[in-house]
Amino acid sequence: MSNYYTKETMERFLNPRFMGEIKDPSGVGEVGNPRCGDQMTVFIKIKEGKIEKATFKTLGCAAAIATSDVVCEIVTGKTVEEALSVTKEEMIKKLKKLPPVKIHCSSLAIEGLKKAIDDYKKKQK
Amino acid sequence: MMQKKKKIYLDYAATTPVDRDVVKKIIPLLNKNFGNPSSLHFFGQEALSYVDSAREKVASFLGSKEREIVFTSSATVANNIFISGILKKEKGLHAITSAFEHKAVLEPLKRSGAEVTHLPVYKEGVVKVKDVKKAIKENTALVSIGYVNSEVGTIQPIKDIGEMIVKENKKRKKKIIFHTDAVQAVNYLPCKVEELRTDALTLSGHKIYGPKGAAVLFIREGVDVSPILFGASQEKRIHPGTENVFAIAGLGFALETISKNDIKKIKKMQDKVIDFLLSDIPQAQLNGDRKRRIPGNINITFPGVEGESLMMALDNEGVAVSTGSACASKSLAPSYVLLSLGVSHEEAHGSLRISLGRFTTKEDVDYFLVKLPGLVKKLRKISGR
């Protein structure tokens, strides 16, 4: 196996635990575009101010899939405000490291999460 | 006990392993016959005889004169020396190439100062001779079109372009020079320069079961190239520097291993892979013309899957392939080669290049075909498409 990615990244990519859709989501965030290659959708279910469940669907490279999985794991159980303060560094730590050209994948995952939370907030109003 | 994982190489278009017979013949050059070919003593002259003999083999393969052969360190260097050496002679020159040419041709063209026309390659991935003819202008000095595209494996009508240019040149005072980068063609297609009617041709050792570090630039006698590298008098003064004797000798021996049997065997496996992928994987589509392609190349799009992730998933199963996907490279743009065929951005991101070669077995191909459908399915599940 190539060592382009860390063992942690490959494990996440090959066996993502948070992939899929939430049937009745509190918020959905869609990011990316066909031109750049990575397209990500984040689903969140919020109960009593906390993210009870987060899942994703990602069309993208191994790093995009792995970071989607990481962001969902990190925010599960967090309040909306806590989730909004998730950082790239925190995510990359879970993967040990990412090749420099793949750092943008972690930004995309955070962007997806923020959009899902925005969507949730809008629905609250 | 840990099970030893299979390792299957299906990326022959990237590079090839050195043929065992070639290895045997060149190992002594590393430490026994290690001399510098420019030295007059015994060690030097022995090394020189290896370079001379490689030059003979190349000349015989191309049907050229030995003095028309220049050894360089890589095909990229050969292309740079030739393209820059032709276009830098005068200001205001014009050159013609194709939209999906290799970077080793496009980049030196871009930096030459000449005006460059990039011809369309259509859905088939094949340049039209009449487009080349139409693009010719009074100040056209160079046409450079690769024999076989490295990503999609499509064969260009080099002989027809060559004949057309010969005809055009009869009417012209300032002759057009025709160059072809043939690195992906040598294993499979006729390369006699008298038949192709090319004035210059590039080939590379490491794509033909020779070592990395040696390539050939054929330059027809009478075609003048101004040097862009300067040093001593090696290789007609246009590629100065001590010869990489080991790699040059290896390239020569490698040319002798090229065989028609390989072509037949590889073509059979190619047909099997293409037929299977198109029939057993929903929405799979072949990129580039199926017939006008070398037997080693399969370039295919799986919508709903990103190429790099499929490549990594295959790598995890022990199968090495390649992708034109942006995510596998440093830039974020998808393969300009696939885009030039009219493939959409999204489809270009979801493409795989499988390239077969001399040591690919039926078992390798079967293993790949067993693994692939499940991985595509899994990644489509992750993408929700």
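Start by colouring chains A and B: 21 residues of chain B are in contact with 20 residues of chain A, where contact means that C-beta atoms, placed from the backbone, lie within 7 Å. What you see is a predicted model, in which local features need pLDDT of at least 70, side-chain atom pairs count only at pLDDT 80 or more, and totals for chains, interfaces and linings use all residues. Residues are numbered from 1 along each chain as its sequence is written, with chains lettered from A and ligands numbered from 1 in the order in which they are written.

Next, select helix H11 (307-316) of chain B, which gives six residues, the largest share of the side that touches chain A. Helices here are DSSP runs (H or I) of at least four residues, numbered from the N terminus.

Now move to the largest nonpolar core, with 86 residues. Such a core is a set of buried Ala, Val, Leu, Ile, Met, Phe, Trp, Tyr and Cys residues joined through C-beta atoms within 7 Å; buried means that 20 or more other C-beta atoms lie within 10 Å of a residue's own. Show helix H9 (residues 245-257) of chain B, the source of the core's largest share, nine residues. Domain 1 (8-17 + 259-383) and domain 2 (33-257) of chain B both contribute residues, so this core lies between them; the bounds come from an automatic or database domain assignment.

Zoom in on Val143(B), which touches residues including Ile96(B), Ile161(B) and Phe178(B).

Last stop: a second, separate core of 65 residues, with Val31(A), Ile92(A), Met312(B) and Leu372(B) among them.

Technical notes: Two residues are in contact if their C-beta atoms, placed from the backbone, lie within 7 Å. Helices (H or I, at least four residues) and strands (E, at least two) are DSSP runs, numbered from the N terminus. A residue is buried if 20 or more other C-beta atoms lie within 10 Å of its own, exposed if 12 or fewer, and partly exposed in between; C-beta atoms are placed from the backbone. Lists of a residue's contacts leave out its neighbours within four places in sequence.
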